[in-house]
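Hi,

Here is the structure I promised to pass on. Please open it alongside these notes.

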Amino acid sequence: MRRVVRQSKFRHVFGQAVKNDQCYDDIRVSRVTWDSSFCAVNPRFVAIIIEASGGGAFLVLPLHKTGRIDKSYPTVCGHTGPVLDIDWCPHNDQVIASGSEDCTVMVWQIPENGLTLSLTEPVVILEGHSKRVGIVAWHPTARNVLLSAGCDNAIIIWNVGTGEALINLDDMHSDMIYNVSWNRNGSLICTASKDKKVRVIDPRKQEIVAEKEKAHEGARPMRAIFLADGNVFTTGFSRMSERQLALWNPKNMQEPIALHEMDTSNGVLLPFYDPDTSIIYLCGKVNNKIAVIVQGDSSIRYFEITDESPYVHYLNTFSSKEPQRGMGYMPKRGLDVNKCEIARFFKLHERKCEPIIMTVPRKSDLFQDDLYPDTAGPEAALEAEEWFEGKNADPILISLKHGYIPGKNRDLKVVKKNILDSKPTANKKCDLISIPKKTTDTASVQNEAKLDEILKEIKSIKDTICNQDERISKLEQQMAKIAA
């Protein structure tokens with residue numbers, strides 16, 4: 001007999017927004033008209049690009065720092081122009097890169113417990129773009145390798161450990177680059193551009209491996225990302241302004257493996273991909289110019305990619321009332337495996353950030369091996385120099401059976417050779433970012449501040465308990481009256 005309904009363990013995945021007290025409130029989310037996600041998340045912190053006077057800034061909040069965020073909360077504010085994109089380093093949960101309208105890329109080291117003072121000094125400033133930098137993306141397996149793309153249509157790959165630009169791809173794109181995605185082992189990148197082309201590029205050989213003209217015929221922005229099997233997934237618009245998604249094989253890009261039309265909304269579809277479960281989440285985002293006219297996209301659609309036709313299988317849609325201004329996506333090691341959580345999004349509203357949890361309903365309390373295959377861990381498989389020399393390596397996988405416990409991250413050190421030295425010796429190295437040693441005075445002040453904060457929290461918890469006790473006794477009295 002023919003099977004009518006396709007079997008899938010993800011058919012009943014459902015999304016749920018957290019309660020109000022678990023949101024991050026009173027945040028002035030950036031109003032820059034740029035189609036990036038404006039939010040980056042890892043198992044320790046959530047970073048959000050915000051409105052800032054006199055330059056560009058973003059917030060970095062510890063995940064537990066929910067509730068109302070004070071206007072005076074410290075920010076990362078070293079850029080002189082608005083920040084357009086941010087990305088956490090996959091190999092160090094305290095290092096984040098930012099690209100800005102001031103044409104620079106900056107790499108920041110966040111203190112282990114979050115910011116207590118605003119951060120204005122980056123670990124390293126990477127200068128090489130002649131126009132604003134709208135995309136930053138860390139290499140998935142090599143330590144300290146960072147890619148940036150700017151409105152000068154150039155892609156630069158940096159060795160952050162030395163602060164040098166080692167690869168410059170400035171003649172491959174004739175128009176603005178919409179997005180760049182690394183493949184699983186970081187040997188190739190794929191790009192979507194305003195000239196309606198999707199390109200697969202070998203950055204070390206500096207050559208285009210595959211190219212598709214008019215992958216989507218519409219004029220609005222496209223997105224292209226690599227899947228774990230090497231295929232490329234794209235989102236874009238048809239000539240009639242209908243939103244489309246497509247699947248391509250880079251070895252033969254004449255025709256798509258699959259092409260689906262969705263709806264006629266204006267929002268650019270930002271794809272988030274989970275290589276462990278082969279699920280793609282599409283989050284619509286409307287920029288500020290359009291949001292005035294159209295109440296933007298407020299849904300997350302999710303699809304499963306398989307080897308069976310039609311290859312891209314629709315699973316479900318999570319919808320809410322408020323349109324999303326941006327979206328952060330938690331790496332797998334930051335999820336709660338005890339609750340069968342397979343994805344967590346951080347949805348940006350105009351004034352707050354709201355976590356949304358995707359769960360597979362299961363009755364068993366045991367670890368669900370089928371939902372959590374070994375996933376990419378925080379350990380780098382290669383050093384930057386090895387990758388630039390031509391080596392490739394797949395991500396080093398970790399098991400989530402007992403949950404992921406963040407280890408201690410080592411500080412990012414940038415070493416530059418002294419160019420004034422006539423003899424280039426290996427021993428003479430200038431450490432630009434040795435962290436300044438804190439005096440005992442500042443340490444004691446910080447300890448006192450922490451103690452105050454803990455005492456305040458204890459007091460508020462005690463007050464809450466007292467209030468609840470009073471409420472319980474009142475309810476018991478009411479119940480006794482009713483019973484009598």
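Start with strand β17, residues 189-193, in this predicted model. The strand is mostly covered, with five of its five residues buried.

Next, the partners of β17. Strand β16 (residues 177-182) runs antiparallel to β17, and five bridges join them. Ala 192 in β17 is the bridge partner of Asn 179. The hairpin of these two strands has six residues between them, and Gly 186 takes a positive phi near 75° there.

Strand β18 (residues 198-202) also pairs with β17 in the antiparallel sense, over four bridges. Here Cys 190 stands opposite Val 200. This hairpin has four residues between the strands, and Lys 196 has a positive phi near 70°.

Now the cores. The largest nonpolar core has 40 residues. Ile 27, Val 46, Ile 48, Phe 58, Val 60, Ile 110 and Phe 346 have the most contacts inside it. Elements giving two or more residues include β3, β5 and β29. β4 gives the largest share, six residues.

Beyond its neighbours within four places in sequence, its contacts include Ile 27, Phe 38, Phe 58, Ile 86 and Leu 348. Another core, of 27 residues, lies apart from the largest one. Among its members are Leu 270, Leu 315, Ile 342 and Phe 367.

Best wishes

Technical notes: Residues are numbered from 1 along each chain as its sequence is written. This is a predicted model: local features need pLDDT of at least 70, side-chain atom pairs count only at pLDDT 80 or more; totals for chains, interfaces and linings use all residues. Side-chain values use heavy atoms; hydrogens and water are left out. Buried means under 20% relative accessible area, exposed over 50%, partly exposed in between (1.4 Å probe, protein chains only). Two strands pair if DSSP finds at least two bridges between them. A nonpolar core is a set of buried Ala, Val, Leu, Ile, Met, Phe, Trp, Tyr and Cys residues joined through side-chain atoms within 4.5 Å. Contact means heavy atoms within 4.5 Å.
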